Structures are given as C-alpha cells and as structure tokens.
Amino acid sequence: MSTSAGPHHDHRTASWAYAESFVPEDEVLLRARERAAELGCPAVLPGAGALLRVVAAALGARAVVEVGTGTGVASLWMLRGMPADGVLTTIDVELEHQRAAKQAFAEEGVPPARTRTIPGRPSDVLPRLTDGAYDLVLVAADPHAYPEYVAEALRLLRPGGVLAVDGALHGGRVADPARRDELTTAVREVGRVLRSDERLVPALVPSGDGLLLAVRR
C-alpha cells in the first residue's frame, strides 16, 4: 500500500469500528453472541444488526423470513425493529442453534406467537412459503447456496419489500479481484445478479461484513 493511501485507510477503519459500536448491544444480544461463538456458528455483526433493525422499523415489517437462525442475534435485532404484531419465520438446519435462539427469545420476552422457528434445509423450506407475502427477507446462512436462497427470497417479497444479504463483502475477499475461490465467487455473483435485476433497487453497505440491500419494485 502506498503511504498516501495509509492514513486514509486508517481513518476508514477507525470510522467503521466507530459505526459498528454506535448502537451498543445489551446483555440479551451479547449472550446470544457468546452462544454463537461457543457453537461455532456465524452471527451478524452489530453494525449490520442495527441496520436490519432500522430496515424492519422503516418497513413496519409484519412478516419477515430469516434464512439461518444461528443463535438468534440477527433475529433479535429484527424483532426489535418490527411492530409488536410482527412475526419472524426463521429457518436453520441445526436444531442446536435454534434451541439457543429460542433461549434468547425467551430472555428477550418475545411472545411465542411472534416467532416461527422451522428446522430444516432452507432449500426444502423456502419453496413452501407463500409468494409475495413477506416484507423483509434476510439471507445469512451457507454462502455457497446464496444464489439459490436469493432467488427464493425475491419470490417471497411483496412489492416494496426488502432483501438483505449478510456477509456480502465476505471478509474483504469480494472486493479483491484476485480472490477466485468458489465461495467468494458465489457471494460476488449474488451482488452482480442483484445489481443487474431491473426489478430491484440495490445498495451494498459496508456495515458488519457487508450488508447487501435490495428493494423489490
């Protein structure tokens, strides 16, 4: 890196870190995050979580689908933005992860009727969900399958609904043209597909590990 890029880069890194901690996480979220670390499953970073809460609140999202429950970190953020009668449908293949998420929902005091926790492979579950019935869909599991999940998500969204894809920068690898591995290529391709889809209004936000947002026209 040239010296001229150095200080600018440092400022950006410091600004990113400041933005990530701008909305601090409380005990319930921090415990859910600890469980994710213990179980070795990914969790949305705080900056992306805060942005998901904003999107859920702005949409008044009453029907949300989450692909990849994990231990409920992103679930909690979205539930906090949704109206009191909003329902989160969350899918994960790992029962142990969903058990941990249910613990987080109980700690949060989320009424049971507000969450539909569906165990199973998203590729099996998503086709059973209703077309055009959802305000917000978050894709946050198994980057290899992002292209498939995103295609399903677009079917599920109502006009004006929002697709969110977490991990869209994939640890900085997506931005590096030299990275050609299968996983990075799959994530990069999702960005390309969404950018060229005339039904969508997309933006890539560098919060967390990159949050790709797209409004369905």
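Trainee: By class, what residues does the lining of the largest pocket have?
Mentor: It has 15 nonpolar, eight polar and seven charged residues. Ala, Val, Leu, Ile, Met, Phe, Trp, Tyr, Cys and Pro count as nonpolar, Asp, Glu, Lys and Arg as charged, and the others, Gly among them, as polar. Keep in mind that this is a predicted model: local features need pLDDT of at least 70, side-chain atom pairs count only at pLDDT 80 or more, and totals for chains, interfaces and linings use all residues. Residues are numbered from 1 along each chain as its sequence is written, and side-chain values use heavy atoms, with hydrogens and water left out.

Trainee: Which residues lie nearest the centre of the largest pocket?
Mentor: P42, G68, A140, A141 and D142, out of 30 lining residues. α4 (73-81), β2 (87-92) and α7 (146-156) each give two or more residues to that lining. Helices (H or I, at least four residues) and strands (E, at least two) are DSSP runs, numbered from the N terminus.

Trainee: What counts as a pocket?
Mentor: Take a 1 Å grid over the protein atoms alone, with points where a 1.4 Å probe fits. A pocket is an open set with protein on both sides within 12 Å along at least five of seven lines. Lining residues have an atom within 4 Å of a point.

Trainee: New topic. Where does F105 lie?
Mentor: In helix α5, residues 95-108.

Trainee: Is F105 buried or exposed?
Mentor: Buried, because its relative accessible area is 4%. The cut-off for buried is under 20%, with a 1.4 Å probe and protein chains only.

Trainee: What does F105 touch?
Mentor: Not counting residues up to four places away in sequence, F105 touches G72, S75, L76, L79, V110, T115 and T117. Contact means heavy atoms within 4.5 Å.

Trainee: And T115, where is that?
Mentor: T115 lies in strand β3, residues 115-119. T115 is buried too, with a relative accessible area of 17%. Leaving aside neighbours within four places, T115 contacts L79, L88, F105 and V110.

Trainee: What is the order of the strands in the open sheet?
Mentor: Seven strands run β3-β2-β1-β4-β5-β7-β6, with mixed pairing. β3 and β6 (200-205) are the edge strands, each pairing on one side only. Two strands pair if DSSP finds at least two bridges between them.

Trainee: In which sense do β1 and β4 pair?
Mentor: Parallel, over four bridges. V65 has V137 as its bridge partner in β4.

Terms used. Buried < 20%, exposed > 50% of the residue type's maximum accessible area, 1.4 Å probe, protein only.
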